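Hi everyone, thanks for coming. Today I'd like to walk you through one structure, step by step, so please have a look at it with me.

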Amino acid sequence: MARPCFSRRTKAIVSTLAVSLVLTAGLIVPAAVVAEANDSASARSGVEIAAAAANAWAADAQLIYLENDEPVDAGGRTERWGYLYYSPSLDRSRGYSVGRGKVLQATDLGMRFDAPLVSGNWLDSSNALQLAEEKAGAEFRSEHGGELQSMVLMRSVIELDEPDRTNWMVIYSAEGVPSLFVVIDAISGKVSRTWRG
Amino acid sequence: MGHPGTGLASRIGLKSIVTLSTVLLLVCGGPAAAESGDDAGSTVRHQVASEVAEAPRGEEVQSIEVRRVKPAKEKKPSLRFLKENIAFLRGRIDGLEASARNRDGDSRGIDPRWLAYLEMTQEIETAEERLRSQTDALEVGRLLDDITELARIEARLQELENLLASESERLDQIQEDFVGRQRTTLVVLLQGQTTTKIPRGMTLVREDGTEVRVTVGTALLEALGRGATAQADHDFVEPREQWMALSLPGQAGEPGATGYIEFSPVRDQVNFIELDLDSMVSTAVDAWQARFWSRPYGEAEGGISATW
């Protein structure tokens, strides 16, 4: 029987592949661990969880506001999002802090805040942050050493002449300079306004 | 938390005073029990009740530790931007309401689901109309045996099939909407057979202030003695880690006792806490016993019906 004969080149390729496989395996394990340990999520991922709690509190509870409860990362994700619900029948608002796939905290707002309910099909925080960064956020951060402070979703309020519009308001801050506000139409994804203040 | 309909009572915090008349004995679960005579019925009820007392088969049952001290929770800041700027935002909302009133009158957003249902109704009406005209045409078509007419009839049948498909799609949409709106509920059950010493009343207070007073009357006591399990409370509850206080009143001039249990209701499921009244005959809170389990809707058994 003829013995298989491998050229030096083939042997080199096989050795390289084997080394690569070992290295890749070594890299994959820590990456998986990191992914598991990372508890951050986008704003949309917690809505169902918050809604389940809010509906137990009041059958007519409506989402009227949300913001990040922990710092937001570059992908528009954070470890906790805060969702505020309003019940017209109770005339009260209750906030739910959601993280790691569950309600971590629930508290009554303790003051009247009957903002209109947000539209159902709003852009997720990751898209909103990307739009804000492209418009002015990235420039602000690099010029002033600033950072993303808050991401807020609510209907109208900022644009009184557009009362039906749900907006993302992305706020950047830096020491010694006025903060940057970027307002994005949360349905169309159009940046409607930026200002410093 | 409050069931729709608990209304004012729920708002003022004192949800209900549970007496024998309002405590639902979980002994009337099966049709067999309802149809049996008194004695036979008692036997059947007893068996059903025993099953309930042994309760959760297949579910993971957790023993809950009863503590003397209310569980302390670390409060993390939430909705900071809102709280820091609430005066400004409130002012803007007031301005918005004024502006909306000036333009359109006082109104609130309509739930998009209702608008979708309205559209569906219109689609159904249109489909029905088309179906009617197609059926009429079909009747006429039956009289024709021309091959061209047959092809036309086939096309019409195809259209009918399409109408049925869109009808099915609408049904799926409605089903998804309603099935997706399951609620998380909590049922508090009482169980105990040491009839002479069982506490005759207790108060359950949940973290949100909802208070339920339970009175164990003679008839209930007798039923418990036979092995029945009683429902002391059934309400919507937030699916999150929380505590509940159990308070027994003092007797014969002695001080009462309060214990705290912690539990995590599972989202969109029926969650059960069973209090063992036998263990609550003394005021030694540490000795009190409670169990917790949960099960999905529609899987209730052993006399507990999911039709509440």
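Predicted model: local features only at pLDDT ≥ 70, side-chain atom pairs only at ≥ 80, totals over all residues.

What is chain A built from? There are three helices and eight strands in it. Of the 197 residues in chain A, 41% are buried.

Now let's see how the strands are arranged. Eight strands of chain A make an open sheet, and the order across it is β4-β3-β2-β1-β5-β6-β7-β8, with antiparallel pairing. Which strands stand at the edges? They are β4 and β8 of chain A; each has a single partner strand, so one side of each has no neighbour in the sheet. On average, neighbouring strands here are turned by 20° against each other, ignoring direction.

Let's zoom in on one pair. β2(A) and β3(A) are joined by seven bridges in the antiparallel sense. One example to look for is A:Tyr85, whose bridge partner in β3(A) is A:Arg94. As a reminder, strands of a sheet pair through backbone hydrogen bonds, either parallel or antiparallel.

α2(A) touches β1, β2, β3 and β4 of chain A, and its direction makes about 145° with that of β3(A). Helix α3 of chain A, residues 125-144, touches β5, β6, β7 and β8 of chain A, and makes about 155° with the direction of β7(A).

Next, the place where the chains meet. Here 32 residues of chain A are in contact with 30 residues of chain B. On chain A, the elements that each supply at least two residues to this side are α2, β1, β2, β3, β4 and β5. What classes of residue does that side of chain A have? It has 19 nonpolar, nine polar and four charged residues.

Finally, chain B. This chain has eight helices and eleven strands, and 26% of its 308 residues count as buried. Please find strand β11 of chain B, residues 289-296. Strand β3 of chain B runs antiparallel to β11(B), with three bridges between them, and B:Ile64 stands opposite B:Ala290. Strand β10 of chain B is also antiparallel to β11(B), joined by eight bridges; there, B:Glu274 has B:Arg291 as its bridge partner.

How values were computed: Residues numbered from 1 in each chain as written. Chains lettered and ligands numbered in written order. Contact = placed C-beta atoms within 7 Å. Helix = DSSP H or I, 4+ residues; strand = E, 2+ residues; numbered from the N terminus. Nonpolar A, V, L, I, M, F, W, Y, C, P; charged D, E, K, R; others polar. Buried ≥ 20, exposed ≤ 12 C-beta atoms within 10 Å, placed from the backbone. Pairing = 2+ DSSP bridges. Axes fitted to C-alpha atoms, helices over the stretch in contact; angles between N-to-C directions.
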